[in-house]
Each structure stands twice: as C-alpha cells, then as structure tokens.
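Thank you all for coming.

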Amino acid sequence: METHLADFIRDTTAGREAEEILRRCVHCGFCTATCPTYQLLGDELDGPRGRIYLIKQVLEGAQPTEKTRLHLDRCLSCRSCESTCPSGVQYTRLLDIGRAVVESKVPRKGGDAAMRGLLKTLLPRSRLFGAAMKLGQAVRLVLPPPLRAKVPPLSSAGPAPRGAHARRLIALAGCVQPSMYPNVNGAARRVLDRLGIQMIEAPRAGCCGAVRLHLNDAEAARDDARRNIDAWWPLLESGAEGLVMTASGCGSHVLEYAHLLQDDPDYAVKAARVVLTTRDVSEVVAAEAAGLAPLLQACAALPEGERELAFHSPCSLQHGLKIRGTVESLLAAAGYALTAVADSHLCCGSAGTYSVLQPVLSKRLLSNKLAALTAGAPAAIASANVGCMAHLQGATALPVKHWIELLDARLSS
Ligand code: SF4
Ligand code: SF4
C-alpha cells in the first residue's frame with residue numbers, strides 16, 4: 001500500500017514502523033473473514049482492513065473524529081487477523097501507533113476517561129486489586145449478579161513443594177491472577193517440581209504492562225517492563241534459565257519487551273535476553289515429555305463423566321504466542337477427551353479490559369463462545385489465561401480451569 005505520512009510522524013520511530021507495516025498490506029481482505037468484530041457488526045471499518053485504512057488516513061494527516069476512535073476502540077487486539085494475513089502485516093503494532101495518535105487528537109472525556117483512568121490505576125497494582133478482590137469475595141454472595149460474575153470464590157494456592165532444584169525458572173505472579181486464581185501458579189510450581197524444575201518468583205516484579213499498553217499508556221507500560229526486568233535480572237544473572245509464563249496474555253506481552261524498549265540504551269539488551277528466555281508453561285512442560293510420560297502412566301484413570309473437556313485456546317496463546325496444539329496434546333496425554341469446538345480461532349470477548357469497556361460486543365462474543373464450547377457436552381472447560389477463565393466462568397456453571405491445574409490434579413491422583 002502506497003503511503004505518504006504527514007510531517008508530524010514521518011521521521012519518528014513510530015512513523016517509520018507504521019510506514020513499513022502499511023506498505024506490507026496489499027488490501028486483499030483475507031483478514032476480514034476471521035475478525036470477530038467484523039463478523040458481529042458487518043462494517044468494513046470494524047474489521048482489520050478498514051481499521052488499517054482509518055489509521056493510514058490519520059497518519060497521513062486527516063483529522064480523526066470520535067467515530068474513528070470508536071472503530072479502533074472496538075478492536076479486541078486479538079490478533080486473529082495477523083494469523084490469517086498472508087503478507088505478515090503486524091496489525092496490532094500499527095493499531096497501537098494509530099490509537100496513540102487518535103487519542104492525542106481526540107481526547108476522551110467524562111465517564112470514558114474516568115473508567116480508563118480507574119482501570120489503569122487499579123488493575124496493575126496487585127496489592128490494591130488484591131484488597132478489592134478480597135472485599136468482593138467476602139461479600140460475594142450478596143453482590144448483584146453482574147458483579148458477582150466477575151468475582152471468583154476465595155481459593156488457595158495449595159501446598160508448595162519443598163524441593164530445590166538446580167534448574168530454576170522465574171514465574172511472573174502478575175497483577176490479577178494471584179488474588180483471583182492463586183492455584184494456577186501453585187499448580188505450575190508443583191508440576192514443574194515433579195519434572196525437576198524449581199519455579200521461583202521475583203517479589204518486586206508486578207504487572208507485565210499489557211493493561212496500560214492496551215489503554216494507550218505506552219510510557220507506563222515501558223515503566224512496567226523496566227521494573228520487571230530490574231526484578232528478574234539478578235535471578236537471571238545467578239543462573240535461572242529464564243522465565244515461565246502461566247498466563248498467555250502476560251507471556252504474549254513480555255515477548256514485546258524488546259520492541260517496546262528498543263530505543264532505551266539501558267534496557268534494550270536486557271529486554272532482548274528476557275524475550276529470548278521467556279516461554280509459556282505449556283512449552284516448558286511439553287519439552288519435558290520424557291519425564292512426564294511415566295508420571296502420567298502411574299496416574300489413576302479419569303472417572304467416567306470427567307473425561308470430556310472443552311479447551312478454549314486464548315487469542316494470546318494461539319495468535320500472540322502462536323502456540324497451537326501443544327496444550328491439547330498435553331491434556332490428551334493426561335487422559336482427557338477433547339470435545340470439538342467450532343470457530344476456535346475467535347475471541348471470547350474478555351480481551352484485557354474489553355469486557356468492561358465494550359460490554360455489549362463482549363457479551364455477544366462470550367455467548368457465542370460458550371455455545372461453541374458446550375456443544376460437545378464437556379464436563380469442564382480448560383483455558384490458559386486468567387482473563388478468559390474469569391470471563392467464561394462468570395457465565396457458565398461448568399467448572400473453568402487452567403489446564404495446568406488439571407494436569408496437577410491428574411499427577412496427584
Ligand atoms: S490480510 Fe493482510 S494484506 Fe490482506 S488486507 Fe488484511 S492485513 Fe492487509
Ligand atoms: S485484532 Fe481481532 S478484532 Fe482487531 S481487527 Fe484484528 S481480528 Fe479484528
């Protein structure tokens with residue numbers, strides 16, 4: 001696509017990157033067919049090709065409007081279009097650039113600005129969020145149903161393994177997962193311990209930064225990345241192999257650290273090393289197949305009625321990290337029979353803060369996703385990301401678990 005970027009952006013890092021991305025797009029429209037918001041709304045401007053065109057116009061100097069911003073706001077950043085695109089267009093990087101420019105030219109007002117400010121303040125602060133979640137859990141039963149759906153019951157991390165191993169991996173506790181689903185990292189710690197790997201955490205690490213980036217605060221997201229790198233660096237220097245991510249949303253964002261900090265002379269090299277050594281927990285467990293197989297063979301058979309399982313692959317896992325089939329193979333090896341799930345490439349509508357900021361579209365996506373997940377009459381639903389788990393669990397009576405929790409339970413049987 002031919003571009004003529006305006007003076008205000010042409011010679012900046014963002015401008016050069018946007019130009020390169022725009023030039024790759026041949027406007028074929030293949031991506032439109034797999035875009036969840038286009039499928040719901042049927043408007044070209046609510047699909048990737050239309051959004052790319054809107055961003056191009058703005059970067060070429062056109063004045064954006066609130067309508068421009070709305071079409072960009074409706075994007076889930078799910079990256080389904082990137083999986084489909086034959087030209088390798090890095091759509092979400094262009095979207096981040098476009099959103100930042102549009103936001104600066106059409107500032108938000110009133111309730112929209114206040115809600116985004118609240119989300120940016122509350123979600124990334126794990127202590128503040130944890131205190132609010134504890135309060136919600138204490139009064140959960142008397143909460144109005146829409147709010148109750150967003151508050152999982154109180155749970156624990158389960159027993160911590162006592163053993164130490166020469167092999168160590170650093171886990172990210174994250175911002176919301178410790179208070180909503182503490183058993184996820186608890187289960188990962190126990191499974192990795194059985195495979196001879198010690199999972200450790202850096203207490204000063206916090207939110208990966210995805211929340212702030214998706215709310216158009218790239219500088220704050222860079223600060224989150226720098227703080228985490230500072231927390232992880234001494235552990236990496238003292239022999240930890242790398243990082244293991246139990247939330248695919250965080251993992252997908254941490255892989256962006258090198259890009260986010262490319263112009264930071266103090267952090268660019270460190271960020272590149274972090275990216276090189278970061279793996280999703282499914283990749284770590286799958287790499288230990290030889291050690292896992294005898295442990296699974298020693299497990300009791302799954303009781304009748306518990307075998308059927310539907311797996312919801314988060315967008316961050318399949319489109320962001322491009323991990324497809326790995327979790328499914330691990331669950332099958334653990335004795336589960338995975339039911340067929342139609343349109344498994346489509347987002348469930350959680351998408352970070354999307355369920356709060358775009359509740360109508362989010363609910364429609366959730367309803368479609370649950371219909372697809374329950375079509376095969378599973379006994380439970382498995383996923384790989386805290387946001388999807390909370391979103392799905394809020395609308396179904398079926399148990400929704402992280403797959404590592406299911407594997408941990410199997411290995412304990
Ligand atoms: S599939 Fe790729 S090249 Fe084709 S319109 Fe979409 S982003 Fe552009
Ligand atoms: S990121 Fe998802 S919602 Fe956004 S344009 Fe691409 S496919 Fe559509």
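Predicted model: local features only at pLDDT ≥ 70, side-chain atom pairs only at ≥ 80, totals over all residues.

How do the residues of the shell around ligand 2 divide into nonpolar, polar and charged? They come to eight nonpolar, four polar and two charged, where Ala, Val, Leu, Ile, Met, Phe, Trp, Tyr, Cys and Pro count as nonpolar, Asp, Glu, Lys and Arg as charged, and the others, Gly among them, as polar.

Residues are numbered from 1 along each chain as its sequence is written, and chains are lettered from A and ligands numbered from 1 in the order in which they are written.

Let me stay with the ligands for a moment. Ligand 2 is surrounded by 14 residues, of which Cys35, Pro48, Cys75, Cys78 and Cys81 are the closest; a residue is near a molecule or strand if its C-beta atom, placed from the backbone, lies within 6 Å of it. At least two residues of that shell come from each of helix H3 (36–41), helix H4 (48–59), helix H6 (80–84) and helix H7 (91–105). Around ligand 1 there are also 14 residues, with Cys25, Cys28, Cys31, Cys85 and Val89 coming nearest, and by class this shell holds nine nonpolar, four polar and one charged residues.

Now to the chain as a whole. Its secondary structure comes to 25 helices and eight strands, both being DSSP runs numbered from the N terminus, with helices (H or I) of at least four residues and strands (E) of at least two. The radius of gyration is 21 Å, close to the 22 Å that the globule rule gives for 413 residues, so the chain is as compact as a globular protein of that length; the radius is taken over C-alpha atoms, and the rule is 2.2 Å times the number of residues to the power 0.38.

Next, please look at H4 and H7, whose axes come within 10 Å and cross at roughly 45°. Axes here are lines fitted to C-alpha atoms, for helices over the stretch in contact, and angles run from 0 to 180 degrees between N-to-C directions. The two helices are therefore oblique to each other, given that angles under 35 degrees count as roughly parallel, over 145 as roughly antiparallel, 65 to 115 as roughly perpendicular and the rest as oblique. Among the residues that meet are Pro48, Arg51 and Ile52 in H4 and Tyr91, Leu94 and Leu95 in H7, contact being C-beta atoms, placed from the backbone, that lie within 7 Å. By class, the contact of H4 with H7 has 10 nonpolar, one polar and one charged residues.

H7 also packs with helix H5 (residues 66–73), at an angle of about 150° and with the axes 10 Å apart, which makes H5 roughly antiparallel to H7. Here Thr68, Arg69 and Leu72 in H5 meet Leu95, Gly98, Arg99 and Val102 in H7, a contact with three nonpolar, two polar and two charged residues.

Finally, helix H21 (residues 326–333) and helix H25 (residues 403–411) pack at about 20°, their axes 10 Å apart, and are therefore roughly parallel.

Conventions:
Contact = placed C-beta atoms within 7 Å.
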